[in-house]
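Biologist: Please show me the model, and I will ask about its parts one at a time.
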Number of protein chains: 2
Amino acid sequence: MPQIVDKATIIQALADTSPEALLACMERSFTSYSSGEATVPPVGTLTFEQPPGDVHIKYGYLSGSPYYVIKIASGFYDNPLLGLPGSNGLNLVFLQKTGELACILLDEGYLTDLRTALAGAVVAKHFGPEKVDRIGIVGTGLQARLQLEQLASVTKCREVIVWGRSAEKMEAYRVDMEIKGFKVSTTAKATDLTATCNLIVTTTPSKTPLLPVTGLLPGTLITAMGADTIGKQELDPAILERADLIALDSRSQCIHHGEIHKAWADGLLQESQLAEVGDLISSGRTRARPEDIIVADLTGIATQDMLISELVLDSLK
Amino acid sequence: MPQIVDKATIIQALADTSPEALLACMERSFTSYSSGEATVPPVGTLTFEQPPGDVHIKYGYLSGSPYYVIKIASGFYDNPLLGLPGSNGLNLVFLQKTGELACILLDEGYLTDLRTALAGAVVAKHFGPEKVDRIGIVGTGLQARLQLEQLASVTKCREVIVWGRSAEKMEAYRVDMEIKGFKVSTTAKATDLTATCNLIVTTTPSKTPLLPVTGLLPGTLITAMGADTIGKQELDPAILERADLIALDSRSQCIHHGEIHKAWADGLLQESQLAEVGDLISSGRTRARPEDIIVADLTGIATQDMLISELVLDSLK
């Protein structure tokens, strides 16, 4: 029988891991992905129309690791109406030498949510403005919370403005995040984010652009982590056109189903704008000029799932 | 927590299922696949060089089912040297409406092995000669055993000849299968199969053709179920050229990584030779003439995994 680990045990196992170790784990997920050290086949996807949901299967292995990992994560967007969490999933850890199932991490999507938020923090650390004046958050769901929490370990800024469609959800977000030590304003106008924030994180499964180019400040980093399936899009394409650098977690994934997917297909982007996060971190070519506008397009990569799973296994030992 | 079911419980749950019900389940796997009732994305694959192994992720859902299923199966060919089974895996059953993980079937590859053998029996039932004179088996491993066992429910023939590379393994096969009621000869010459059998099943992960066209009898059905990954090939391409009908479990899979993959790429096959098993069964166009030589190319389809998983869940209730 494989080791079967439930969510509470996973959370407990990671509780003693330092923010630095978590960030280092995610940095390695970017660099190992881009260096070719990792074998990562195309993402498997299942899409459901009614109720709306999507399932991602991300998998692969690092040469030198004893494991290969298959991660399944789902988002079913009507679940909260039923009192259920929207995201779900599990991580399966197998032995590379025999194919034996070593461990089932029944994280219910927790590890995917965590590594996604950590990836946002890594990107902010390497590509963000030197001094963050205000953090703009698009969306009020779980990832809008986790991204902000993880940003606390890479910036001293605690000034936040959140945009959402529901006044009620924005207020809940404000209350929850003020308990965590942030000072949060709410707005129904997305231009309030572009005009006052130099670090913006978009976290929704929107299929139409939410964040306009209007008022966008020089030096801003926009981390777009919502779009991870064909059809999802959070940014006005003019933002992508204007960006000095578009940092992609995975070139192949982003071009096929990330934030840049449509703009790339429409021929709006220049090849010279694009590079992979892992390559940029490895070579130290992250932010060239203070005034550069940078977009990070994060679709989520299997190396994140592999390395966070290994971290849990190590912590459990 | 999802329901977690171990291999012994799965075997127990299926023990009372009739051969007819098992065959019907697999017939439906073919017809639902070809009718479009099933959503089946491309198979996910991981390949390891040393030790040699491959992992398949097959997944999807049937419209009308409460479930979607993700099946992971591996073959690590040096495992027997370590005293471990070569095949391994598990089936994950999720709810279509919420993405919740309903059940983990820790079948260790048993369900994949079983449904693969059942698929062979279904094909023999529908495409085999009216009277099987002798069954030829290429290979001496687990699937060589299971295929023969399952054939017992669709033919009265118990005369068998087996070809393998190892005299020792052939002898073990002979002993094991005679206990199951078959009369088994062994041979080191594959032409002994083509010259005396009108039902031949090839079950190896060979990368070079093992079964020659020499002596092939009119009316023969050859079920090629070993090739399921690019590079695997068991039949002399001349057999495929000569075949009156090549029945494919999945056209897209067979063309990409089945037995016909290379012959198709080399332009040796006619479009008119090819059809999907499910379409042929549904329309009753299985064996046109007694003398037809038919090849069934089975790569294994996700609907088999979905339906056998549902059968286990129903049996457990």
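Modeller: To start with a hairpin: E3(A) and E4(A) form one, with four residues between them. Helices (H or I, at least four residues) and strands (E, at least two) are DSSP runs, numbered from the N terminus. This is a predicted model, in which local features need pLDDT of at least 70 and side-chain atom pairs count only at pLDDT 80 or more, while totals for chains, interfaces and linings use all residues. Residues are numbered from 1 along each chain as its sequence is written, and chains are lettered from A and ligands numbered from 1 in the order in which they are written.

Biologist: In E4(A), which residue is the bridge partner of A:Thr45?

Modeller: Strand E3 (residues 44-48) of chain A and strand E4 (residues 53-62) of chain A run antiparallel, joined by five bridges. Two strands pair if DSSP finds at least two bridges between them. The partner of A:Thr45 in E4(A) is A:His56.

Biologist: What is the mean pLDDT of chain A?

Modeller: pLDDT is the predictor's confidence in each residue, from 0 to 100. In chain A, 100% of the residues reach 70 or more. For the complex, the predictor gives an ipTM of 0.92 and a pTM of 0.93. The mean pLDDT of chain A is 96.

Biologist: Which strands stand at the edges of the open sheet in chain A?

Modeller: The sheet has eight strands with parallel pairing, in the order E10-E9-E8-E11-E12-E15-E13-E14 (chain A). Each edge strand has a single partner strand, so one side of each is left without a neighbour in the sheet. The edge strands are E10 (183-187) and E14 (274-276) of chain A.

Biologist: At what angle to E10(A) does helix H5 of chain A run?

Modeller: Axes are lines fitted to C-alpha atoms, for helices over the stretch in contact, and angles run from 0 to 180 degrees between N-to-C directions. Helix H5 (residues 167-179) lies across E9 and E10 of chain A. Its angle to E10(A) is about 170°.

Biologist: Is H3(A) oblique or roughly parallel to H4(A)?

Modeller: Helix H3 (residues 110-127) and helix H4 (residues 142-151) of chain A pack with their axes 8 Å apart, at an angle of about 45°. Angles under 35 degrees count as roughly parallel, over 145 as roughly antiparallel, 65 to 115 as roughly perpendicular and the rest as oblique. That makes H3(A), relative to H4(A), oblique.

Biologist: In chain B, which residue of E10(B) is the bridge partner of B:Ile161?

Modeller: Strand E9 (residues 159-163) of chain B runs parallel to E10(B), with five bridges joining the two. The partner of B:Ile161 is B:Ser185.

Biologist: How does H3(B) lie relative to H11(B), oblique or roughly perpendicular?

Modeller: Helix H3 (residues 110-127) of chain B and helix H11 (residues 302-316) of chain B have axes 10 Å apart and pack at an angle of about 110°. That makes H3(B), relative to H11(B), roughly perpendicular.

Biologist: Which residues of H11(B) does H3(B) meet?

Modeller: Two residues are in contact if their C-beta atoms, placed from the backbone, lie within 7 Å. From H3(B), the residues are B:Leu111, B:Leu114, B:Arg115 and B:Ala119. In H11(B) they meet B:Gln304, B:Asp305, B:Ile308 and B:Ser309.
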